[in-house]
Every structure is written in C-alpha cells, then in structure tokens.
Amino acid sequence: MAIYSSGDIVLHAPVTTVYDKLSNLENLKSMLDKVPADRIPEDKRQMFENINITPDTIEVPGGPMGNLVFRVTERQAPSKIRLNGEGIPIEMALILNLEPLSDNTSNAKVDIDINIPAMLKPMVGGQIQKIAEQFGQVLGAIPFA
C-alpha cells in the first residue's frame, strides 16, 4: 500500500463541528453547494456538480474508467473518517484525519491509501498525489461555520 497525503488544511471551525458535519456525508452535499464557484477549478466544475451523495457513500464521476464510489467504513469521533473504494479493481481508501488547533480551528489532512504495484507507482503516483491535494483544496473551501 502507498499513502499519498494532502498538506495540512486549516479549517475555521471546531474539530467536533467538522467531524459532525462530515461523518454524515449528506451534510457534505449542502456544504458543497455553498462553495463559491471561483474556488472550484474550472476543469473540475462539471465533475463537482455530478457528485452523488448518501449518508454513507459518495460517488464521484471518474470519466472513462467509470464512477468512483467510496463508502464510510470507519468513524472515530472526532478524529478520523475512512471511506473505502468500491467496485474498483484496486484496493483504495480515502482517509480524513482531523485534530483540534484551538477552540475555533481544526487541522485536517486527506490521505489516499492505495494498493498499486511498485512498477506503476512512478507512472501514477504523481496523479494520485494531485488528487489528494485537490481533495484537500475542496475541503478547505467548505464553509463549516
């Protein structure tokens, strides 16, 4: 397994607020609707608009390879939410790690844990790292307050 991580993301909300909102993925949909259009890269807007969310799953358009479905498989209040990929040919997880910075701010980090053969890492590792960073950017743009 290889882990690709976003940088640290400072969120302007208490860690319990962030966890409570993100642990039920349906809350994410209403928050995503509030993200200003100028905070979403232009080439990602259509994908962003076609995300399908239930309380425990998020389905993201994946282009030619089909949609990516992630299901919540672990919740550790208020520090961790793990979503495992479903219906994809490789083992993959998206992990959100949270920690308090102060009473009103939190730190978040997005990890992508993926099982790819060592010979493919040089070819796809950069793209997976970019995806982890993009998840972090979207997370940072969500108005939690």
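Predicted model: local features only at pLDDT ≥ 70, side-chain atom pairs only at ≥ 80, totals over all residues.
Q: How many salt bridges does a search of the whole structure find?
A: The pairs include Asp56 with Arg75, Glu86 with Arg71, and Lys109 with Asp111. A search of the whole structure puts the number of salt bridges at 4.

Q: Which parts of the chain does the pair of Asp56 and Arg75 link?
A: Asp56 and Arg75 form a salt bridge in which the closest N and O atoms are 2.6 Å apart. The two residues are 19 residues apart, and the pair links distant parts of the chain. Those parts are the loop between strand S3 (52–53) and strand S4 (57–60), which holds Asp56, and, for Arg75, strand S5 (residues 68–76).

Q: Is Asp56 buried, exposed or partly exposed?
A: Buried means under 20% relative accessible area and exposed means over 50%, with partly exposed in between. The relative accessibility of Asp56 is 32%, so Asp56 counts as partly exposed.

Q: Which strands are tied together by the salt bridge of Glu86 and Arg71?
A: The side chains of Glu86 and Arg71 meet in a salt bridge with an N to O distance of 2.5 Å. Glu86 is partly exposed at 30% relative accessibility, and Arg71 is partly exposed with a relative accessible area of 35%.

Q: Which residues have the most contacts inside the largest nonpolar core?
A: The largest nonpolar core has 39 residues. Leaving out residues up to four places away in sequence, Ile58 touches Leu25, Leu28, Ile51, Asn52, Ile53, Leu68, Val69, Phe70 and Leu83. The residues with the most contacts inside the core are Ile58 and Leu139.

Q: Why do the buried residues of H1 line one face of the helix?
A: The buried residues of helix H1 are Val15, Val18, Tyr19, Leu22 and Ser23. Seen down the axis of H1, these buried residues line one face of the helix because they fall within an arc of 115 degrees.

Q: What separates the C-alpha atoms of Lys21 and Ala145?
A: Lys21 is found in helix H1 (residues 15–23), where it counts as partly exposed because its relative accessibility is 30%. Along the chain, Lys21 and Ala145 are 124 residues apart, yet the separation of their C-alpha atoms is 10 Å.

Q: Is Ala93 buried or exposed?
A: Ala93 has its place in strand S7 (residues 92–100). Apart from neighbours within four places in sequence, Ala93 is in contact with Arg82, Leu83, Asn84, Asp111, Ile112 and Asp113. Its relative accessibility is 2%, so Ala93 counts as buried.

Q: What accessible area do Met119, Leu120, Met123 and Val124 have together?
A: Met119 is found in the loop between strand S8 (106–114) and helix H4 (121–141), and at 67% relative accessibility Met119 counts as exposed. Met119, Leu120, Met123 and Val124 form a nonpolar patch on the surface, and their accessible area together is about 410 Å².

How values were computed:
Residues numbered from 1 in each chain as written. Heavy atoms only, no water. Helix = DSSP H or I, 4+ residues; strand = E, 2+ residues; numbered from the N terminus. Buried < 20%, exposed > 50% of the residue type's maximum accessible area, 1.4 Å probe, protein only. Core = buried A, V, L, I, M, F, W, Y, C linked by side-chain atoms within 4.5 Å. Contact = heavy atoms within 4.5 Å. Patch = residues over 30% accessible without salt bridge, like charges linked within 9 Å, V, L, I, M, F, W, Y side chains within 5 Å. Areas by Shrake-Rupley, 256 points an atom, 1.4 Å probe, with all protein chains shown as cover. Arc of directions from axis to C-beta.
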